[in-house]
Amino acid sequence: MKYYLIVGEASGDLHGSNLIKSIIKNDENAEFRYYGGDKMLVAGGSLVRHYKDTAIMGFINVARNAGKILKNMRECKEDIASYAPDVLILIDYPGFNLEMAKYAKTVLNLTVIYYIPPKIWAWKPGRVEHIKKYIDKVYCIFPFELEFYKKHGYENVEYVGNPCVQSVNSAYKVRREDFFLVNNLDPKKKIIALLPGSRKQEVERTVALFNEIDKLEFVDCQFVLAATSSVDPKLYNSVHRDIHIVFDQTYPLLSFASAAVVNSGTATLETALFRVPQVVVYPVFIPRLLYYVGRKFIMKLPYISLVNIISGEETVKELVAHEAKASSTTKYLKELIYNDERREAVLSGYEKIATTLGDNVSSDMVAEDIKNVLRKRTQADS
């Protein structure tokens with residue numbers, strides 16, 4: 001079988017690579033072509049375009065790069081048509097992928113699968129109508145998504161477990177002494193991990209916030225920033241000297257961290273699965289009035305972090321927009337380091353989240369079911 005996958009960021013590259021590996025176990029003759037990243041390339045197949053060339057974040061940047069986005073879409077459509085896959089597999093990246101789904105279904109009549117669907121239960125719920133028209137099967141990664149889709153009349157949906165659970169559980173284990181030695185860290189000091197995200201705009205905003213955290217309040221700690229080679233390394237030039245930088249070692253870093261400050265996104269859930277108490281920040285510029293209006297009338301949930309959304313309560317502190325100040329971040333970070341009662345409350349919440357998500361190997365479940373979906377399609381066409 002021929003598989004075409006599209007992802008748009010680093011986490012999608014990771015989950016896409018795991019899916020490729022799982023599909024190969026089910027289909028030894030599998031061929032892959034994709035918009036993806038380095039991890040998918042290692043797993044197998046042909047990389048058409050790296051996600052670093054397609055990831056554009058924020059309304060203003062999208063508007064500025066409209067021509068580039070449309071060109072990418074046009075070229076992707078042409079490539080899918082030329083490759084003529086048996087199935088198109090979409091992983092998150094909704095703005096781009098939903099357009100590809102429409103094209104693949106209406107023009108090419110392909111089987112279209114969505115693994116890790118867009119979070120339409122929190123933002124733009126009207127997109128469910130698009131999914132009903134153009135997606136043959138949705139594999140969701142949060143249990144509560146099942147109810148959302150079925151409430152909106154979409155039945156071809158299955159909860160397969162969360163891929164972050166798989167990624168964290170299978171992470172390569174590094175010895176503590178080796179990690180500290182290689183990265184020139186003080187083994188006598190606790191680690192506070194700083195996770196700025198993997199997109200240019202995220203890194204710029206969060207690094208500025210990290211720099212302003214009052215380090216003198218944490219004399220027994222060392223601040224270590226999780227950098228990624230998926231963005232321009234020059235973005236880290238502004239990191240202050242009192243912050244260590246490690247590249248492409250986020251999981252080992254979290255393995256040894258005592259607390260963390262995390263940019264809102266998938267990393268908040270990964271941090272929770274590593275059982276690291278965290279403060280979630282999202283220092284985007286939004287005028288206060290617009291922020292409050294948006295939270296009340298546009299956002300469909302009271303929280304922005306996956307940790308709190310899954311738990312249904314404020315397990316971790318969220319600092320968004322004008323709330324994401326260095327003083328507030330310092331205050332809540334101190335609680336996580338020096339207040340045992342607060343730490344235990346967060347860790348207890350993490351255990352509930354882990355129980356809710358379960359321990360399924362999501363990529364294996366998806367790969368097995370895709371095989372069944374394709375078999376039914378073949379039978380229907382014959």
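Hi everyone. Please keep in mind that this is a predicted model, where local features need pLDDT of at least 70, side-chain atom pairs count only at pLDDT 80 or more, and totals for chains, interfaces and linings use all residues. Residues are numbered from 1 along each chain as its sequence is written, and side-chain values use heavy atoms, with hydrogens and water left out.

Let's start with the whole chain. It has 17 helices and 13 strands; helices (H or I, at least four residues) and strands (E, at least two) are DSSP runs numbered from the N terminus. The C-alpha trace spans about 70 × 50 × 40 Å along its principal axes. The radius of gyration is 21 Å, which agrees with the value near 21 Å for a compact globule of 382 residues. That rule is 2.2 Å times the number of residues to the power 0.38, with the radius taken over C-alpha atoms.

How much of the chain is buried? Buried residues make up 53% of the 382, where buried means under 20% relative accessible area, exposed means over 50%, and partly exposed is in between, using a 1.4 Å probe and protein chains only. Of the contacts with a separation of 6 or more, 65% join residues 24 or more positions apart; a contact means heavy atoms within 4.5 Å.

Now the surface. The accessible area is about 17,700 Å², and 52% of that belongs to carbon and sulfur atoms; the areas come from the Shrake-Rupley method with a 1.4 Å probe, and for residues only the protein chains shown count as cover. There are 50 positive and 46 negative side chains, with the centres of the two sets 4 Å apart. Lys and Arg count as positive and Asp and Glu as negative, while His and the chain ends are not counted. Each charge is placed at NZ of Lys, CZ of Arg, CG of Asp or CD of Glu.

On to the rings. The structure holds 16 aromatic pairs. Rings of Phe, Tyr and Trp (its six-membered ring) pair if their centres lie within 6.5 Å; planes under 30 degrees apart are stacked, over 60 edge-to-face, and the rest tilted. One of the pairs is phenylalanine 179 with phenylalanine 256, tilted, at 5.4 Å centre to centre and 35° between the planes. This pair links distant parts of the chain, 77 residues apart: phenylalanine 179 sits in helix α9 (residues 176-182) and phenylalanine 256 in helix α11 (residues 250-256). Both of these phenylalanines are buried. Phenylalanine 218 and phenylalanine 223 make an edge-to-face pair, 5.5 Å centre to centre with 80° between the planes. Tyr35, Tyr93 and Phe96 form one aromatic cluster.

Next, valine 128, in helix α6 (residues 128-134). Its relative accessibility is 2%, so valine 128 counts as buried. Setting aside residues up to four places away in sequence, valine 128 touches Ile120, Phe148, Tyr149 and His152.

My last stop is helix α12 (residues 266-273). Why is α12 described as largely enclosed by the rest of the structure? Because 7 of its 8 residues are buried, including Leu269 and Glu270. Just after α12, arginine 275 takes a positive phi of about 60°. In the loop between β11 (257-263) and α12 we find serine 264, which is buried at 14% relative accessibility. Beyond its neighbours within four places in sequence, serine 264 contacts Val280, Val281, Tyr282, Ile304 and Ser305.
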